[in-house]
Amino acid sequence: MSPTLAFLTRRLLQLVPVVLAIAALNFALLHLAPGDAADIVAASSGGASAEFTAELRASFGLDRPLHEQFVLFIGRLLTLDLGWSHIQQAPVLELVAERIPATLLLMVAAITVALAAGMLLGILAAMRHRGWIDGILSVVALVVYATPQFWLGLMLIVLFSVTLGVLPSGGMMTIATEMGWAARAADIGRHLVLPSLTLGLFYVALYTRLMRASMLEVFTLDFITTARAKGLSETRIGFVHAARNALLPVVTLAGVQIGHILGGSILVETVFGWPGLGRLVFDALLQRDLPLLLGILLVSSVVVVLVNLVVDLLYGLLDPRIVHR
Amino acid sequence: MTALLEVEGLSVHFETARGVVRAVEDLSFAVERGQTVALVGESGSGKSTAALSLLRLLPAGASKIAAGRVRLDGRDLLALPPRQLRDVRGAQVGMIFQDPMMALNPVYTIGRQIAETLRLHLGLAGPAAEARAIELLRRVQVPAPEQRIHQYPHNLSGGMRQRVMMAIALACRPALLIADEPTTALDVTVQAQVLALIDELKAELGMAVLLITHDLAVVWETAQRVIVLYAGRKVEEGPVGRILTRPRHPYTAGLLRAAQWAADGDRLAEIPGTVPSPHAMPPGCAFAPRCALAEDRCRRQAPPLRTLEPGHVAACFRAEEIAP
Ligand SMILES: Nc1ncnc2c1ncn2[C@@H]1O[C@H](COP(=O)(O)OP(=O)(O)OP(=O)(O)O)[C@@H](O)[C@H]1O
Ligand SMILES: [Mg+2]
């Protein structure tokens, strides 16, 4: 088996205890909160008697001791059964599976925008260190950095949807229109612009600053002098020799922040009516839909761990000194 | 015919928080075609600063080439537009550095780093560049060059990396090689190999070498002329036979004695005292505080360089009194 494959297998195996631990933690945290599904259902049916609530509880299995509930929960988990949402009257897995592509699309778009733009602007700022481009970029980055995301989203809607009328302000696609797949993709793309910008801009600012600092540090290293002594142009030195090295800390940070970005998408999805996991979390929280919340949190942690794995592999591609064993 | 490299009145200053550091002050020397000139001096004497400023390689911003001319084949490199200067770097002048561990880019294969120079200056690309890179690696005695070109710097030992640096520096058959302490970071046995290789290639390519070192044994074996720097100024220059047998500056004499003691295994082989802080240079001769021969006028006034014999200059009032 190749070292990379062995590394992958081992990392995937490590996923099992991680997922179990996260499941246990989520389970415990949510059980610590007062009130349960039976209370909610009972309350929503207009103030039920104590007997009725107890009956409900029994039918949900909520009267059993906690550890039994947990064992049952884990057992079902292993068969990919994430439980049943009493509120939505649907299997949790189905609800999550329905929503996850939209969220992944949004996240990938936001991360791509953030990394691409952040890198490019960071390189530019570092190569024009202390010039006017650097100055403007620093100020803009600082402003974006300090702007609340929901406000940014609203302002983008006001500018591009309301005033200019060039981009849709919400949803993921134009509903009730028949179109070919190419037109559909373009349609989704247009809907994606504003939410991914809203979600990504903060990270563009962050990565611009990080990339700039990282580039300036790389510029002081000896191999940059070697590159200059070879007669290379400053552009080539910046983009080819310095950037590849400066990228490493940025990629590391991006990997660590995946969970953070996922959290941010809850807000952005709410602002833009994006039909992803974020909205589902929002609703589940308000309705105390315990099984659904557990399911979503578990799935998102698996996503985060998997993305981290991808980032680790990517890091190995970027830096030949890293050998995955 | 003029010399290959003529440096005239070169002064390099660093702006620091504590004031201006005059790292190199009024330095003049020449390197003839095919000649090896050694630049020696203690740590901090300005050797690297001088070498780097010849090709304007010092970091922009803090450093400033305050004055001087650096003529290569009659062209003033300090006045050249950046575009033309880049055509000189790596093509007419090759350079290798003290720390081969840091001098190569860690994320690219060495084949790619060699080929980059070949494409830039010779227009070689693809298989032609690869073949040439292999040939160059073979020439600098890197074993199994066909495999090496696919490896990264971290796969190679220090000595091997310095050879790779030489392959890059010599790729375009430069007229001048600037080697800034090329062996300081290497094991003793590897040092000898690398120096022998430089000598060999110098003869083969007919290039001149500006060798920066503080190892007088190396100077003796490889150089024809020696320039001694102290606190950024040239204090003595002459043919290697003269400088190393009959020095005319107390600092050079001290260096020589120290080198002999070091060779005898005596650990106290240092010149007494330390180099003056660049922020508190004495008004007179910078070496006066450490000099046994120093007298009042040395402390008042910096001694000018005087020609003692044809081709031998020293900056000392009492040059004639110095015993070998
Ligand atoms: N970037 C810098 N900023 C400020 N001062 C500097 C800088 N680089 C070098 N100097 C100063 O310039 C002087 C000469 O340094 P330089 O590196 O040229 O010495 P060197 O002879 O090459 O020493 P070594 O043998 O240690 O390499 C020193 O006093 C040093 O402190
Ligand atoms: Mg040095």
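Good morning, everyone. One caution before anything else. What you see is a predicted model.

Let's start where chain A meets chain B. How many residues does each chain bring to the contact? Chain A brings 20 residues, and chain B brings 27. Interface size is often quoted as the accessible area lost when the parts come together. Here the two chains bury about 2100 Å² between them. Carbon and sulfur atoms account for 58% of that. On the chain A side, look for A:Ala229, A:Lys230 and A:Pro320. These three lose the most area to chain B, together 28% of what that side buries.

Now the polar side of this interface. There are eleven residue pairs in polar contact across it, both partners at pLDDT 80 or more. Which parts of chain A supply the touching residues? Helices α9 (222–229) and α10 (234–256) of chain A each give at least two. The top contributor is α9(A), with six residues. And the make-up of the chain A side? Seven nonpolar, six polar and seven charged residues.

Two salt bridges run between chain A and chain B. One of them pairs B:Glu116 with A:Arg236. Their closest N and O atoms are 2.8 Å apart.

Side chains of opposite charge can pair when their charged atoms come close. Over all chains, the count is 26 salt bridges.

Take B:Arg69 and B:Glu8 first. Their side chains meet at 3.5 Å, N to O. This pair links distant parts of the chain. B:Arg69 sits in strand β4 (residues 63–72), B:Glu8 in strand β1 (residues 5–16), and 61 residues separate them.

Next, B:Arg132 and B:Glu135. This salt bridge also spans 3.5 Å, N to O. Where does the pair sit? Both residues are in helix α5 (residues 126–139) of chain B. They are three residues apart, so about one helical turn separates them. B:Glu135 is partly exposed, with 47% relative accessible area.

Then B:Glu146 and B:Arg138. Here the closest N and O atoms are 2.7 Å apart. B:Glu146 is partly exposed at 37%. B:Arg138 is partly exposed at 45%. Some salt bridges share partners: B:Glu6, B:Glu8, B:Arg69 and B:Arg71 are joined into one network that way.

Last topic: the nonpolar cores. In soluble globular proteins, nonpolar side chains tend to be buried together. In this model, the largest nonpolar core holds 74 residues. Which members touch the most others? They are B:Leu5, B:Met95, B:Ile114, B:Leu137 and B:Leu176. Helix α7 (residues 158–170) of chain B gives the largest share of this core, eight residues.

Zoom in on B:Leu5. Leaving out residues up to four places away in sequence, B:Leu5 touches several others, including B:Phe29, B:Val31, B:Leu54 and B:Leu72. B:Leu176 is another of its contacts.

How values were computed
Residues numbered from 1 in each chain as written. Chains lettered and ligands numbered in written order. Predicted model: local features only at pLDDT ≥ 70, side-chain atom pairs only at ≥ 80, totals over all residues. Heavy atoms only, no water. Salt bridge = Lys/Arg side-chain N within 4 Å of Asp/Glu carboxyl O. Helix = DSSP H or I, 4+ residues; strand = E, 2+ residues; numbered from the N terminus. Buried < 20%, exposed > 50% of the residue type's maximum accessible area, 1.4 Å probe, protein only. Contact = heavy atoms within 4.5 Å. Buried area = accessible area lost by both parts, 1.4 Å probe. Polar contact = N/O pair within 3.5 Å; in protein donor to acceptor, adjacent residues only side chain to side chain. Nonpolar A, V, L, I, M, F, W, Y, C, P; charged D, E, K, R; others polar. Core = buried A, V, L, I, M, F, W, Y, C linked by side-chain atoms within 4.5 Å.
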